[in-house]
Amino acid sequence: MCSAVRLAVPVLTGWLVRLEPLGEEHVHDLAAAAAGRRGTFGYTTVPSSREAMTQYIGALLAARDRGDAIPFAQVSVAHGHAVGVTRFLSFRTRAGSVHPYAVEIGGTWLAQSSQRTGINAEAKLLLLAHAFEAWKVGRVDFKTDARNEASRAAIAALGARFEGILRNWQPSHVEGERDRLRDSAMYSILDSEWPAVRRGLEARVRRAPDG
């Protein structure tokens, strides 16, 4: 494993979204973002109150301090408010190396009003560019609940390749399934595939309503 504490990532800024290191200052915006229509949050952990959001952010910051993750607030460039969260996690590295050879992008959610605006595509573009071009990773993972067809379609649309189902891979994030293990659908992008994926994501951002 690799310590994320040593992998400080700068603010990543695009045309539509700015990825800022997650902090307590984002509680208000994110609580408001999560309080809207929640129909797309069925398979994702998204707190439903300000108190729960405070605890959620605290847990992500603790994971950051342990070196387990690098969480970001997704901030809309258009209005300056945080509209979701994403993160790097599952760092893998060789002994003696500072940078990982592989990493996962996950734990992502967006306010319903910010979906299908190009923000998700550009956020993935920024994260993938940092992973492949700054850290020189050979692989980026994506995984989601195998039942989450919308998430699976969105990951595939990035250009990630489906690798299979990991059975009983991790605890479910679905409300009421706290004691259940879920099957996870695994996807990846390799460094050799990144140039084509980059071109595709850049084209998607240009076509976005606010692009």
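Visitor: Which residue stands opposite Phe72 in E4?
Guide: Thr86 does. Bear in mind that this is a predicted model.

Visitor: And how many bridges join E3 to E4?
Guide: Seven, between strand E3 (residues 69–76) and strand E4 (residues 82–92), and the two run antiparallel.

Visitor: What's the strand order in the open sheet?
Guide: E1-E2-E3-E4-E5-E6-E8-E7, eight strands with mixed pairing. E1 (12–13) and E7 are the edge strands, each pairing on one side only.

Visitor: Back to Phe72: which residues do ring pairs link it with?
Guide: Phe88, Phe91 and Trp135; together with Phe72 they make a cluster.

Visitor: How many aromatic pairs does the structure hold?
Guide: Six. One of them is Phe132 with Trp194: the ring centres are 5.4 Å apart and the planes sit at 20°, so that pair is stacked. The two residues are 62 apart in the chain, Phe132 in helix H3 (residues 119–134) and Trp194 in helix H5 (residues 194–207).

Visitor: Are those two buried or exposed?
Guide: Both Phe132 and Trp194 are buried.

Visitor: What about Phe162 and Tyr187, how are their rings arranged?
Guide: Tilted, with 5.2 Å centre to centre and 50° between the planes. Phe162 is in strand E7 (residues 161–171) and Tyr187 in strand E8 (residues 181–190), so the pair ties together parts 25 residues apart in sequence. Phe162 is partly exposed at 41% relative accessible area, while Tyr187 is buried at 4%.

Visitor: Switching to helices, which strands does H4 lie across?
Guide: Helix H4 (residues 149–158) lies across E6, E7 and E8, at about 160° to E6.

Terms used. Residues numbered from 1 in each chain as written. Predicted model: local features only at pLDDT ≥ 70, side-chain atom pairs only at ≥ 80, totals over all residues. Heavy atoms only, no water. Phe/Tyr/Trp six-rings, centres within 6.5 Å; stacked < 30°, edge-to-face > 60°. Helix = DSSP H or I, 4+ residues; strand = E, 2+ residues; numbered from the N terminus. Buried < 20%, exposed > 50% of the residue type's maximum accessible area, 1.4 Å probe, protein only. Pairing = 2+ DSSP bridges. Contact = heavy atoms within 4.5 Å. Axes fitted to C-alpha atoms, helices over the stretch in contact; angles between N-to-C directions.
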